[in-house]
Amino acid sequence: AGADAPAEEGHGLRLPSRAVLGLGALALLAFLSEGAMIDWSAVFMTQATGASPALAATGYAAFSAAMTVARLTGDRVTARLGPLKTVQLSGLVGAAGLGIVILAPAPGIALLGFVVTGFGYANVVPVLFSASTRTPGLAPGTALAMVATMAYGGGLMGPPLIGFIGEGFGLRVAFLPLALAALVIAASVSRALPRG
């Protein structure tokens, strides 16, 4: 190793900085919703909209397909709008999609909502992960690892959270925190992204 290697790459544990915590918290909210979509979209379609089991299975497929398409074009979108506007718009679109899902009177409307939600959430995490590599005072790999760890924690928390709320209040109410999380992402990202 050269003498000019960054000190951040040394051994031992390091607590996340405030900047990393901000990015990590938003990534956690995004993964929380993604995890909930994986485990609960089909159940939502069946219980909340009366979809058949075959149709219910398309809920997550619609979300996932929209997310894949949007991620394939994400670099171009981010280059055109910039990271801040991309995440702000993504959060608003994600919240709108979840609003459609929550209020959907029929399976077809819920499917549309899952598509819109997938488009909304697609580029949140990639932008946040990329931004973490520009965190001042930390080596890029260290900051990314910290943010990713927090994000994946959200993915683990989402499904049981939806189950807990849904058990007491129903799945439409249980999906409300996901819409709120998208709005928090849109409203808070300007304070979390590194300047410059």
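Predicted model: local features only at pLDDT ≥ 70, side-chain atom pairs only at ≥ 80, totals over all residues.
Residues are numbered from 1 along each chain as its sequence is written. Local features need pLDDT of at least 70, side-chain atom pairs count only at pLDDT 80 or more, totals for chains, interfaces and linings use all residues, and side-chain values use heavy atoms, without hydrogens and water.

**Exercise 1.** Describe how F31 and Y152 pair.

Step 1: Rings of Phe, Tyr and Trp (its six-membered ring) pair if their centres lie within 6.5 Å; planes under 30 degrees apart count as stacked, over 60 as edge-to-face and the rest as tilted.
Step 2: With 4.8 Å centre to centre and 85° between the planes, F31 and Y152 are edge-to-face.
Step 3: F31 lies in α1 (residues 18–49) and Y152 in α8 (residues 140–169), so the pair ties together parts 121 residues apart in sequence. Helices here are DSSP runs (H or I, at least four residues), numbered from the N terminus.

**Exercise 2.** Classify the pair of Y60 and F63.

Step 1: Their ring centres are 6.1 Å apart and their planes at 35°, so the pair is tilted.
Step 2: Both residues lie in α3 (residues 58–72), three residues apart, about one turn of the helix.

**Exercise 3.** Is A104 buried or exposed?

Step 1: Buried means under 20% relative accessible area, exposed over 50%, partly exposed in between (1.4 Å probe, protein chains only).
Step 2: A104 has a relative accessible area of 1%, so A104 is buried.
Step 3: A104 touches T49, I109, A110 and R172, leaving aside residues up to four places away in sequence; contact means heavy atoms within 4.5 Å.

Methods. Helix = DSSP H or I, 4+ residues; strand = E, 2+ residues; numbered from the N terminus.
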